[in-house]
Amino acid sequence: MTARIDSVPAPRTLPALRRPRLPFSAWHLLLLPLALVFAAPLVWLLLSSVMSNAEINRFPPSLWPSHVDFAGYRYVLENALFLRWIGNSLIVSAVTVGSNLLFGALGGYAFARMRFTGSRTLLALMIATMAIPFQLTMIPTFLVMKKLGLIDSLGALIVPSLVTPFAVFLLRQFFLSLPRELEEAAWIDGCSRLRVLFTIVLPLSRPALSTVAVLTFLSTWNDLTWPLIALNHDTVYTLQLGLTTFQGQHHTNWAAVMAGNVITVLPVLLAFLGAQKTFIQSITSSGLKA
């Protein structure tokens, strides 16, 4: 008597063990302590801005204010020139960002799509200038601005930064990642190069444009060295330069310095938080949406 094979029950397989999954990436376990380390100076700056000068100068230093004191903010905001310094910084930053987006896009598109005599050499020279520290070019830049009659004016801060090699290079690299087929289709329809640039290429390049805008804004807003050389009268000071007037040779109002720095850092933090995703998109995006 033979047993039927199909009547034998199949052996039961044990369920596969699943590894426990974290509700977040494992990299967060490393990044969270690093984030706390980098955030510590900002937290200390915010706490110090609501301390009195006696608490700030105390040794050992106080880690927490005994009471909230807004004397530093009142001193800063009651300064007649403080709002003017903010306006000067906004003017310089806005013009510099706009000019870098315009001229950087024009130059980057020319290097990415047009071939002319000496284009590669010119591109190499432009990139090489990024390795030259500003300390080596301060004196020639000052002499040029003096010849133009722009010293002690906002023009002395705007003209040297109308376009930067970094903006041209970054936009060129992004334009190279865009498919040529889109531009060729527009050329067949009779579009000029400028129209192709402004109607097709630039709308696809928003991540790169946002990155250039944010980085240019940060460098211009936080600049202290060049305004310190080019400006003499306090009426044309930028915000960073104006804050140095709160520090005297024999006495420094540290509460006002901390409060002024909080107000100065706030636009920078907002700009960075609003554009943090574009830094990755400007590198990884190909210019086409899935």
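Visitor: Where does F246 lie?

Guide: F246 sits in the loop between α13 and α14. This is a predicted model, where local features need pLDDT of at least 70 and side-chain atom pairs count only at pLDDT 80 or more, while totals for chains, interfaces and linings use all residues. Residues are numbered from 1 along each chain as its sequence is written, and side-chain values use heavy atoms, with hydrogens and water left out.

Visitor: What makes F246 buried?

Guide: Buried means under 20% relative accessible area, exposed means over 50%, and partly exposed is in between (1.4 Å probe, protein chains only). F246 has a relative accessible area of 5%, so F246 counts as buried.

Visitor: Which residues touch the most other members of the largest nonpolar core?

Guide: Those are F82, L157 and F246, in a core of 38 residues. A nonpolar core is a set of buried Ala, Val, Leu, Ile, Met, Phe, Trp, Tyr and Cys residues joined through side-chain atoms within 4.5 Å. Several helices supply at least two residues each, among them α3 (71-77), α7 (155-158) and α11 (206-221). The largest share, 8 residues, comes from α14.

Visitor: How do you know what counts as a helix?

Guide: Helices (H or I, at least four residues) and strands (E, at least two) are DSSP runs, numbered from the N terminus. By that rule the protein has 14 helices and 0 strands. Of its 290 residues, 36% count as buried.

Visitor: What makes a surface patch?

Guide: Patches are made of residues with over 30% relative accessible area and no salt bridge; like charges are joined within 9 Å, and nonpolar side chains (Val, Leu, Ile, Met, Phe, Trp, Tyr) within 5 Å. L102, F103, L106, V163, L194 and F198 form a nonpolar patch, with about 500 Å² of accessible area together. Such areas come from the Shrake-Rupley method with a 1.4 Å probe, and for residues only the protein chains shown count as cover. The largest share of this patch, 3 residues, comes from α4. L102 is found in helix α4, and at 38% relative accessibility L102 counts as partly exposed.

Visitor: Why is the patch of R115, R120, R180 and R193 called positive?

Guide: Lys and Arg count as positive and Asp and Glu as negative, while His and the chain ends are not counted. The members R115, R120, R180 and R193 are therefore counted as positive. The place of a charge is taken as NZ of Lys, CZ of Arg, CG of Asp or CD of Glu. R193 lies in helix α10 (residues 193-204), and at 35% relative accessibility R193 counts as partly exposed.

Visitor: How do you know whether L202 and D152 are buried or exposed?

Guide: L202, in helix α10, has a relative accessible area of 13% and is buried. D152 lies in the loop between α6 (134-147) and α7, and at 19% relative accessibility D152 counts as buried, since the limit is under 20%. D152 also has a positive phi of about 65° although it is not a glycine.

Key: Salt bridge = Lys/Arg side-chain N within 4 Å of Asp/Glu carboxyl O.
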